[in-house]
Amino acid sequence: MKYRLQCIVFVLVAFMLGCNEFMVVGVLSNIAESYHASLSAVGLLVTMYALTYAICTPVLTTVTGKYDRFKVLMTLMVVFFLGNTLTAVAPNLFLLFVSRIITAGVAGAIISLILVYVSIIAPIEKRSMMVATVFAGFSTATIIGVPLGTTISAAASWHMSFAVISVLALVIGGCLFVLVPRHTPQTKGSIGHQVKLLKDRRIILGIIVMVTLMAAEYTFYTFIRPIITDVLHFSTTDLNWLLGLVGIMFIVGNACAGIVSSRYGIRKLPLISGACLLLLLLMGLSFANSWTGVGLLCLICLVLGMPGSILQVMFLNVADKDYPAAMNLASSLNPICTNVGVTVGSFLASLSVNFIAISQIGYVGAVLAVISTIGSVLLVRHD
């Protein structure tokens, strides 16, 4: 019973962090209006969050690796609560940026510690499924959290949307305090001992594969709205349920990842990367018809929902076996790679649309998928 409750709380943590990160996208216009700022200036909140997340996560997880995990997790939850509450009450744009920096700075370290607890609590045969389930919390946030935040913003204000997250943070923090083990096996080492993990060839190749696949995803996902409305010619009324359908496919992919990782480890990664490459190459052709285009988007999102969990389990297993002092750092690699990939993919997409039509954006992602496929083959051979 306690194990199930722990699983639920861990998923809720991912959901909370996902809402905090993604909800701002749905209320950018409201924020700009409330502060009398331009949409482009407010849009920097998204870029700044991703960069802060990517930079602070490895630093914070490495520096705090020698301290008691439970105390670090509780401290980070308090900081997150304070940062998000500042977002909810920010009287001006400057303090809003400060609040987003605070929450981005600790969000990655929080989910990293949650993944460490997953590796400790879950039996080895259930580790893959539990990691995949936790990651499903992020996908659920895009399907439920973001529309819910937009609805609350329309009914009350965007400040209230983030106030709800603060209430959720209090509840989840209390559950973590009760359910998370106080004392867990912990090998304490210097920063030098921890960063040895990053010299392992398996880790290096895994990082390359994850970053390039995430970047490939965001070459088209950055423009998912105009793709659905302008390229595939669906109405704005259809947009919400189609985005929900795409999000559901990510969740299905996460579920499949748990099964694949449990049975095959990383051995199916070349097949997954190869499938991404093929689907990206077919994307332009599929867009000739509205429904084949939606079908391909759903299929590729299902496939792209798989590598993150599979690689994160590998990172944890490598650290657990060969670099026990670097467990915290290993658990942070997925969120780091994800945010680096998002930054690279969205930048390349924004640059590419100046030269090619959005309907052809899949070819840009295909170049990145070639790199991930080669990296996957090398990783499996080395493993």
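Is Trp291 buried or exposed? In this predicted model, in which local features need pLDDT of at least 70, side-chain atom pairs count only at pLDDT 80 or more, and totals for chains, interfaces and linings use all residues, Trp291 counts as exposed, at 54% relative accessibility. Here buried means under 20% relative accessible area, exposed over 50%, and partly exposed in between, with a 1.4 Å probe and protein chains only. Residues are numbered from 1 along each chain as its sequence is written, and side-chain values use heavy atoms, with hydrogens and water left out.

The overall architecture is described before the individual residues. The protein chain contains 16 helices and 0 strands; helices (H or I, at least four residues) and strands (E, at least two) are DSSP runs, numbered from the N terminus. For 383 residues, a compact globule would have a radius of gyration near 21 Å, and the value of 20 Å for the protein chain agrees with this. The radius is taken over C-alpha atoms, and the globule rule is 2.2 Å times the number of residues to the power 0.38. Along the principal axes, the C-alpha atoms fill a box of roughly 55 × 55 × 40 Å. Of the 383 residues, 54% count as buried. The accessible surface of the protein chain comes to about 16,000 Å², and 71% of it belongs to carbon and sulfur atoms; such areas come from the Shrake-Rupley method with a 1.4 Å probe, and for residues only the protein chains shown count as cover. Among contacts (heavy atoms within 4.5 Å) between residues at least 6 apart in sequence, 83% join residues at least 24 apart.

Aromatic side chains were examined next. A search of the whole structure finds 8 aromatic pairs. Rings of Phe, Tyr and Trp (its six-membered ring) pair if their centres lie within 6.5 Å; planes under 30 degrees apart count as stacked, over 60 as edge-to-face and the rest as tilted. The rings of Trp158 and Phe162 have centres 6.2 Å apart and planes at 85°, so this pair is edge-to-face. Both residues belong to helix α7 (residues 158–179), where a spacing of 4 residues separates them by about one helical turn. Trp158 is buried, at 3% relative accessibility, and Phe162 is buried as well, at 1%. A further edge-to-face pair is formed by Phe234 and Trp291, with 5.0 Å from centre to centre and 80° between the planes. Because Phe234 lies in the loop between α10 (224–231) and α11 (236–264) and Trp291 in helix α13 (residues 290–304), the pair ties together parts that are 57 residues apart in sequence. Phe234 counts as buried, at 9% relative accessibility, whereas Trp291 is the exposed residue at 54%. Ring pairs also link Tyr35, Trp158 and Phe162 into a cluster.

Charged side chains accompany some aromatic rings. A charge sits over a ring if NZ of Lys or CZ of Arg is within 6 Å of the ring centre and within 35 degrees of the ring normal. Arg182 lies over the face of Phe177, at 4.4 Å from the ring centre, and Lys268 lies over the face of Tyr264, at 4.7 Å.

Two buried helical residues illustrate packing. Ser273 is located in helix α12 (residues 269–286) and is buried, with a relative accessible area of 0%. The side chain of Ser273 makes a polar contact with the side chain of Ser376 at 2.9 Å. A polar contact is a pair of N or O atoms within 3.5 Å; within protein, one must be able to donate a hydrogen and the other to accept it, and residues adjacent in sequence count only if both atoms are side-chain atoms. Leaving aside residues up to four places away in sequence, Ser273 touches Val209, Leu213, Ser372, Thr373 and Ser376. Leu243, in helix α11, is buried with a relative accessible area of 18%. With the same exclusion of residues up to four places away, Leu243 touches Ile224, Arg225 and Ile228. The C-alpha atoms of Leu243 and Ile228, which are 15 residues apart along the chain, are separated by 8.8 Å.

Backbone geometry was also considered. Most residues other than glycine have a negative phi. His36, although not a glycine, has a positive phi of about 55°. His36 is placed in the loop between α2 (28–35) and α3 (39–63) and is exposed, with a relative accessible area of 75%. For His233, phi is positive and near 65°. His233 is found in the loop between α10 and α11 and is exposed, with a relative accessible area of 64%.
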